[in-house]
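Please open the structure in a viewer and keep the selection tool at hand.

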Amino acid sequence: MASSSDLEDPNAISALPYSYAPLPDGEPTAGDQPTTGLHPKKAAIFFVCAFLSVTFLVALFAGNEHVLPKDLSTNAAPSMAVTTPLSRGVDKGVSEKSFRPLLGAENSYPWSSNMLDWQRTAFHFQPENNWMNDPNGPVFYKGWYHLFYQYHPDAPVWGKIVWGHAVSKDLINWRHLPIAMETDQWYDEQGVWTGSATILPDGQLVVLYTGSTNESVQVQNLAYPADTSDPLLINWVKYPGNPVLVPPPGIDNKDFRDPTTAWKTPEGKWRITIGSKINKTGISLVYDTEDFKTFELLDGVLHAVPGTGMWECVDFYPISKQAENGLDTSVDGPGVKHVVKASLDDDRNDYYAIGSYDAYKGKWTPDNPTLDVGIGLRYDYGVYYASKTFYDQNKQRRVSWSWIKETDTEASDISKGWASLMGVPRTILLDKKTQSNIIQWPVEEINALRTNATVFNNLIMEAGSLVPLDLPAASQLDIVAEFELDEQTVMRLNGAAVAYDCAKNGGAATRGALGPFGFSVLAHDGLIEHTPVYFYVAKGVDGNLETFFCADQSRSSTATDVDKSIFGNIVPVLKGEKLSMRILVDHSIVESFAQEGRTCITSRVYPTKAIYNNARLFLFNNATAASVTASVSVWQMKSAEI
């Protein structure tokens with residue numbers, strides 16, 4: 001969570017190396033010009049910053065017709081022919097694994113090897129090369145954090161999937177290990193797909209995973225370590241009696257996948273849930289077992305939501321209503337709520353809801369049916385899918401991993417030799433203030449990568465301001481900030497009955513009385529490229545304020561073959577709270593957290609100019625009426641060992 005120590009470092013506080021000029025509401029006239037003379041140096045600063053501010057507005061309001069930059073390297077990447085992207089995964093029975101640019105987008109941007117090299121991240125987990133998707137079976141075992149993942153070892157595109165494997169002592173620095181499980185049996189010939197790990201009371205470890213058979217039927221299989229004394233879990237054994245589960249009657253052969261971590265029932269059995277669908281109703285089937293070899297299908301389902309389609313990568317876990325620590329998956333009781341999460345195949349987003357679990361009936365009920373799974377809250381409002389949590393008994397916390405896909409072209413991925421990464425692992429807690437949402441926050445270990453802090457305190461930005469922040473580099477950053485709107489302006493303004501939507505209202509280009517304001521990350525000096533992450537506050541006719549948290553990729557790149565979506569959603573802000581955000585910038589991924597993690601947005605951005613030493617960071621206040629006071633801490637981030 002953000003704390004005072006995140007915003008202040010007395011040894012790092014700098015003078016304010018910035019200036020800004022207000023952006024005019026209309027064209028200035030001769031009578032608007034000041035008559036007081038300026039010192040030559042001050043005049044120069046004023047005119048430079050005024051130029052930057054006007055440039056910022058032009059960049060915000062300009063369309064997507066950008067001037068293409070010159071190649072940053074004489075080393076050109078292999079030429080990319082214009083091709084129609086292939087569909088990958090759907091015919092095999094999983095969600096689409098290929099990003100498809102908008103129709104009409106030209107997929108032949110002349111990417112240089114320099115540009116593509118810059119995109120590889122510095123502190124996000126990814127394999128050394130080739131394709132990766134879902135996280136599988138994360139677990140802490142005998143002193144090591146283990147991450148298994150969907151991996152195609154032969155190419156940077158989805159294909160015949162095996163389980164990649166890496167270990168870490170701190171969730172940040174990783175050691176790659178040999179492939180854990182191959183497609184070497186008839187029941188997983190077409191893929192060793194997503195699964196989960198369960199630690200038994202005696203310390204033994206079992207894994208259940210989905211296999212795609214030689215006939216593309218989805219079945220569930222059991223595996224366990226060949227040597228339980230090996231803390232690195234190098235070798236695995238597949239149970240000779242696999243598969244242990246096949247699709248039950250009424251369930252399609254390709255709609256039965258991704259078993260969860262098991263939890264204890266009141267009768268002492270183990271229970272799992274598996275995602276599926278019936279027609280367009282997303283469901284989670286429930287099975288009980290005593291030995292992970294034979295299973296009993298319970299009547300009914302854990303939960304079902306009409307219209308949500310296939311549920312992939314279902315997750316189910318308890319959260320404490322009072323404690324600030326995570327809970328083992330089997331914990332239940334009066335002080336506990338339960339979360340159901342589903343990754344929706346139809347729109348490839350991760351949705352969750354908080355509710356009550358009846359352990360005797362094997363049923364879960366949402367606290368608020370209007371915020372049910374698939375129709376309400378999301379883990380993340382950007383690029384974030386197939387997430388999987390585990391209980392970290394080492395630090396008594398629940399930690400979430402997620403697959404962050406590429407949103408460039410397959411041709412680019414082939415040129416750079418890799419595709420996809422994992423988001424920074426996040427802790428998950430119930431929001432004790434609202435009691436209606438979870439809080440997600442980067443694991444504390446990420447702070448060990450912070451270096452060279454720069455702090456700006458009580459920085460006042462007038463309406464229409466642009467503030468360049470003087471930093472040595474801006475491709476690897478941890479940014480923590482608090483904002484306060486001018487209270488008198490907020491009170492004076494009349495409310496309006498106009499609804500706001502980050503994407504539909506034009507992103508950071510849409511100016512209102514109370515926003516947008518925030519940061520432009522991975523920005524070029526001339527703002528030909530920049531990615532705003534910002535708040536927008538709307539005042540209703542009843543005088544109440546609604547706050548939106550958004551990330552605008554529409555001008556993130558001059559390239560025409562990458563996604564430029566605008567993401568965001570409302571974020572709850574309680575009385576007396578300052579607006580706060582944290583942004584992790586790591587080359588081609590930007591992870592943003594509002595109000596200590598109530599609303600999160602993950603973006604993939606592929607600039608062509610705002611890279612290496614040409615990447616900059618700006619603060620902006622593009623509101624038309626209110627000034628904003630900001631306190632900002634920015635750390636350079638060291639590279640992790642991955």
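Is Ser475 buried or exposed? With a relative accessible area of 8%, Ser475 is buried; buried means under 20% relative accessible area, exposed over 50%, and partly exposed in between (1.4 Å probe, protein chains only).

Before continuing, note that this is a predicted model, in which local features need pLDDT of at least 70 and side-chain atom pairs count only at pLDDT 80 or more, while totals for chains, interfaces and linings use all residues. Residues are numbered from 1 along each chain as its sequence is written, and side-chain values use heavy atoms, with hydrogens and water left out.

**First stop: Ser475**

Select Ser475, which is placed in the loop between strand 25 (465-469) and strand 26 (476-485). Strands (E, at least two residues) and helices (H or I, at least four) are DSSP runs, numbered from the N terminus. Next, display Trp118: its side chain and that of Ser475 are joined by a polar contact of 3.0 Å. A polar contact is a pair of N or O atoms within 3.5 Å; within protein, one must be able to donate a hydrogen and the other to accept it, and residues adjacent in sequence count only if both atoms are side-chain atoms. Neighbours within four places in sequence aside, the residues in contact (heavy atoms within 4.5 Å) with Ser475 include Leu522, Asp586, His587 and Tyr612.

Two strands pair if DSSP finds at least two bridges between them. Ile479 can be found opposite Val634 in strand 35.

Strand 27 (residues 517-523) and strand 28 (residues 531-539) run antiparallel and are joined by 5 bridges. Zoom in on Phe519, which stands opposite Val533 in strand 28.

In soluble globular proteins, nonpolar side chains tend to be buried together. A nonpolar core is a set of buried Ala, Val, Leu, Ile, Met, Phe, Trp, Tyr and Cys residues joined through side-chain atoms within 4.5 Å. Select Ile479, Phe483, Phe519 and Leu619, which touch the most other members of the largest core, a set of 66 residues. Strand 26 gives the most to this core, with 5 residues. A second, separate core has 28 residues, including Ile172, Phe390, Val424 and Cys600.

**Last stop: the disulfide**

How many disulfides does a search of the whole structure find? The search finds 1, a disulfide being a pair of cysteine sulfur atoms within 2.5 Å. Select Cys502 and Cys550, which it joins with an S to S distance of 2.0 Å. Cys502 lies in the loop between helix 5 (487-492) and strand 27, and Cys550 in strand 29 (residues 545-552), so the pair ties together parts 48 residues apart in sequence. Cys502 is buried, at a relative accessible area of 3%, and Cys550 is buried, at 0%.
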